[in-house]
Amino acid sequence: MSRAFDFLVIGAGIVGLATAAELQRRNPRARVAVIDKEAAVAQHQTGHNSGVIHAGVYYAPDSLKARYCRAGLRATFEFCAAHDVPHRRCGKLIVATDARDEARLRDLAARAAHNGLTLEWLDRAGIAAREPRVRGVAALYVAETGIADYPALCAALANDIRARDGELLLGHEVLAIQERADEAVVETSQGALRGARLVVCGGLQADRLARLAGLETSLAIVPFRGDYFRLPAARSALVSTLIYPVPDPALPFLGVHLTLTADGGLTLGPSAMLALAREIYRPWAWQARDAVDALRYAGTWRLLARYPRAGIAELLHAASRRAYLTAARRYCPELVLDDLATWSCGIRAQAVSPAGELIHDFAFAGTARSVHVLNAPSPAATAAFPIAEAVVTRLLGEAPA
Ligand SMILES: Cc1cc2nc3c(=O)[nH]c(=O)nc-3n(C[C@H](O)[C@H](O)[C@H](O)COP(=O)(O)OP(=O)(O)OC[C@H]3O[C@@H](n4cnc5c(N)ncnc54)[C@H](O)[C@@H]3O)c2cc1C
């Protein structure tokens with residue numbers, strides 16, 4: 001006999017867990033279950049990211065990313081404080097190292113002001129006063145940015161869900177999804193589950209889960225791998241804020257940055273290279289199905305053709321620690337090769353259109369009984385609580401707040 005729930009949520013990353021918690025908040029008596037193929041929560045993007053609570057500098061004005069990031073910043077700080085999740089409002093510096101960077105930084109400053117941020121513009125001397133080890137011609141100081149231990153945040157969400165009689169069905173791989181007139185039936189590696197409504201937050205598998213459910217979408221997830229290095233403990237006080245380069249405005253990646261971690265460390269990363277495995281973290285990993293899907297998809301090749309320089313630069317970063325170091329030394333000349341101890345890597349789920357366009361904003365789709373989160377790249381960890389509110393509103397057919 002298959003078990004029945006009011007709401008099934010596929011994916012125990014931060015978006016799925018925040019969605020389950022929001023469903024319980026709005027429907028305290030509902031039977032809610034979160035399904036994930038892994039044995040623990042936060043095993044993919046949520047557990048392999050930079051750990052930054054973004055303030056919303058970069059995102060196109062009035063986009064979902066811009067709106068949800070601002071609301072998510074507040075909600076994430078509040079949740080961390082209320083649940084003793086390690087976090088810190090450490091601030092961030094975006095550093096321009098030449099005239100082209102400086103022009104892009106002025107555009108970013110205008111965008112950030114439109115998004116409601118208060119920023120400080122620093123000249124060369126202002127940078128030296130704030131971060132003596134950092135060099136640049138100009139910088140933006142963003143006081144609101146912070147860091148959080150996202151896996152700990154997810155553990156706290158999972159505890160809350162269980163405490164309200166929700167279930168976490170870990171080790172359940174979703175194999176098929178069938179929607180009927182009155183329910184969705186989810187076939188898993190441990191048997192069938194039925195839900196009156198279904199939310200799918202599958203991260204790197206979002207496109208496959210959508211197709212499994214019969215949703216027509218032309219988008220595909222293209223995985224981008226990001227490698228991180230960790231600096232030795234003796235160097236973790238090198239900077240006291242997060243240090244970012246000025247990103248290429250055409251790309252959703254923010255560049256190799258120096259990031260303080262919630263456990264007191266300092267990391268450098270991530271790169272952004274096309275990956276041939278969606279969920280395997282060894283260097284140069286590939287997996288037949290993932291590689292075939294990525295290489296057979298016209299959008300992948302059109303994307304590479306659009307950004308050949310960025311593609312080559314990222315390949316160099318992946319192949320050579322020295323190339324990686326050169327990028328970071330532009331703003332922190334004191335870094336040396338011995339500082340770069342291989343640490344971890346994350347793989348981003350980035351939706352790409354068949355024309356090779358990167359889908360910048362969060363994207364959702366739905367059927368009568370379900371909502372699918374199709375594109376939730378950075379800053380979706382920061383924005384998870386507002387994303388969850390929007391998903392639940394859509395699922396329940398309510399008017400947005
Ligand atoms: C390198 C990197 C750096 C980043 N830095 C930041 C940052 O500093 N700040 C920020 O806000 N955001 C950052 N992000 C983005 C952020 O991590 C993601 O946007 C966010 O974690 C997405 O959460 P999710 O729940 O949608 O996906 P995930 O965390 O990937 O969760 C998806 C879940 O679905 C499950 N699943 C998939 N298929 C199935 C199936 N068939 N059956 C059962 N379960 C399934 C998976 O096992 C997984 O647990 C970064 C991402 C990366 C990769």
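**Close-up 1. Strand E7 is largely enclosed by the rest of the structure, because 5 of its 5 residues, 138-142, are buried.** This is a predicted model. Ala138, Leu140 and Val142 point one way from E7, while Ala139 and Tyr141 point the other way. Whichever way they point, all of these residues are buried. In a regular strand the side chains alternate between the two faces of the sheet.

**Close-up 2. Strand E5 pairs with E7 in the antiparallel sense.** Here we look at residues 92-96, which make up E5. Which residue of E7 is the bridge partner of Lys92? The partner is Val142. In total, 5 bridges join E5 and E7.

**Close-up 3. Strand E6 also pairs with E7 in the antiparallel sense.** E6 covers residues 120-123, and its pairing with E7 runs over 4 bridges.

**Close-up 4. Leu295, Trp301 and Leu304 form a nonpolar patch on the surface.** Together, these three residues have about 270 Å² of accessible area. Leu295 sits in helix H7, which spans residues 288-296. With a relative accessibility of 38%, Leu295 counts as partly exposed, as the value falls between the 20% and 50% cut-offs.

**Close-up 5. Glu22 is a buried residue of helix H1.** H1 runs over residues 14-26. The relative accessible area of Glu22 is 7%, and buried means under 20%. What does Glu22 touch, leaving aside residues up to four places away in sequence? Its contacts are Ala388, Glu389 and Val392.

Notes:
Residues numbered from 1 in each chain as written. Predicted model: local features only at pLDDT ≥ 70, side-chain atom pairs only at ≥ 80, totals over all residues. Heavy atoms only, no water. Buried < 20%, exposed > 50% of the residue type's maximum accessible area, 1.4 Å probe, protein only. Helix = DSSP H or I, 4+ residues; strand = E, 2+ residues; numbered from the N terminus. Pairing = 2+ DSSP bridges. Patch = residues over 30% accessible without salt bridge, like charges linked within 9 Å, V, L, I, M, F, W, Y side chains within 5 Å. Areas by Shrake-Rupley, 256 points an atom, 1.4 Å probe, with all protein chains shown as cover. Salt bridge = Lys/Arg side-chain N within 4 Å of Asp/Glu carboxyl O. Contact = heavy atoms within 4.5 Å.
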